[in-house]
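I opened this notebook to keep track of what I looked up, entry by entry, in the structure shown below.

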Amino acid sequence: MSSAGKGSGVHLRSLLAGGPVVAPFVFDGLQARLAERAGFSALYLTGFGTAAGRGLPDLGLLGLSEMAAAVAVVAGATMLPVVADADTGYGGVLNVMRTVRAYEASGAAGLHIEDQVWPKRCGFFAGKEVIALDDMVAKVRAACDARSDADTVIIARTDALAPHGWDETERRARAYRAAGADLVFVDGIRTTDDLDAYLDRLGDLPLVYNGAAKPIAELAGTGVALQLHGGSLASIVGAIADVFNRLAKGQALPMATTFADLLDILGVDDALATVAAYETSTRPEGP
């Protein structure tokens, strides 16, 4: 059954129809709330960032349970629809079906599965390999059939560009769309030339673009429905490293926000007011 809530698949679909939509990389609840406050309309739960948050490289070290738990954290912290990285679906068609159901139960409005061989690698790492096209087509069909909510957005990603070039990449993207994927996603687009080739070859399809070779204003009308923007991730890591380096050297820290701001972001006053209201309503009357 579809839900019209802000974090739902139906809301995500309405945003994508009027796209392109920019979804920043996030991997915890605090980042989700900050992104919502900044004015974004959707969020992307990054597998790279989720692994990094555990001190791990994005080399297929996290499994379904860990990623579904991360979806629940991010989706639970915000009213925005969350698109989540589901890697390869963590196995064959049965695993893919279980992944879709687990992500839906955790609050994802959409998710993408990719055609890499497991264990996968980050889309911008060297040495990627892809499974047979027919095997991925079966996974896409299984993902679409597994939805408990018909509005959950299923995205099919191909990593064939680096190992096989554009002809094979285009063949796969079109096959995945024909198999039922709502959006198709070619990862590994690094340059403006790469992006131009992507749009020239596949711009008639609803696309996901992971990168920042062109600003969102230049992507209107190109076929890009969703832009995943990970540029913030390196900046966040750099800022955290700078804070610890300053602390280690005994230097003063620049205060970009106050403790009161942090409490407001986390909804502390609202939470305490709720507690107080229940305590008042349940307190016995009389002596």
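**Entry 1, the largest pocket.** I began with open space, and in this predicted model I found that the largest pocket holds about 780 Å³ of space. I then asked which residues lie closest to its centre; of the 25 residues that line the largest pocket, these are Leu30, Gln31, Leu34, Ile236 and Thr257. Looking up the elements behind the lining, I noted that strand E1 (21–26), helix H2 (29–38), helix H10 (231–248) and helix H11 (259–265) each supply at least two residues, and that H10 gives the most, with 6 residues. By residue class, the lining of the largest pocket divides into 20 nonpolar, 4 polar and 1 charged.

I next asked how many cavities of 30 Å³ or more the structure holds, and the search returned 1. About 50 Å³ of space lies in this largest cavity, and I listed its lining as Gly47, Ala51, Pro57, Asp58, Leu59, Gly60, Leu61, Leu62, Met67 and Asp87. Sorted by class, the residues of that lining come out as 6 nonpolar, 2 polar and 2 charged.

I checked the length of helix H6 (residues 133–146) against expectation: at 1.5 Å a residue, its 14 residues should span 20 Å, and since the end C-alpha atoms are 20 Å apart, the two agree. I then looked up which residues of H6 are buried, and recorded Leu133, Met136, Val137, Lys139, Val140, Ala142, Ala143, Cys144 and Ala146, a list in which I marked Lys139 for a second look. For the partners of these buried residues I noted helix H5 (93–106), strand E4 (110–114), strand E5 (153–158) and helix H8 (166–178), against which they pack.

Key: Residues numbered from 1 in each chain as written. Predicted model: local features only at pLDDT ≥ 70, side-chain atom pairs only at ≥ 80, totals over all residues. Heavy atoms only, no water. Helix = DSSP H or I, 4+ residues; strand = E, 2+ residues; numbered from the N terminus. Expected span 1.5 Å × (residues − 1). Buried < 20%, exposed > 50% of the residue type's maximum accessible area, 1.4 Å probe, protein only. Contact = heavy atoms within 4.5 Å. 1 Å grid on protein atoms, 1.4 Å probe; cavity = no way out; pocket = protein on both sides within 12 Å on 5 of 7 lines; lining within 4 Å. Points joined across faces, edges and corners; volume = space filled by probe spheres on them. Nonpolar A, V, L, I, M, F, W, Y, C, P; charged D, E, K, R; others polar.
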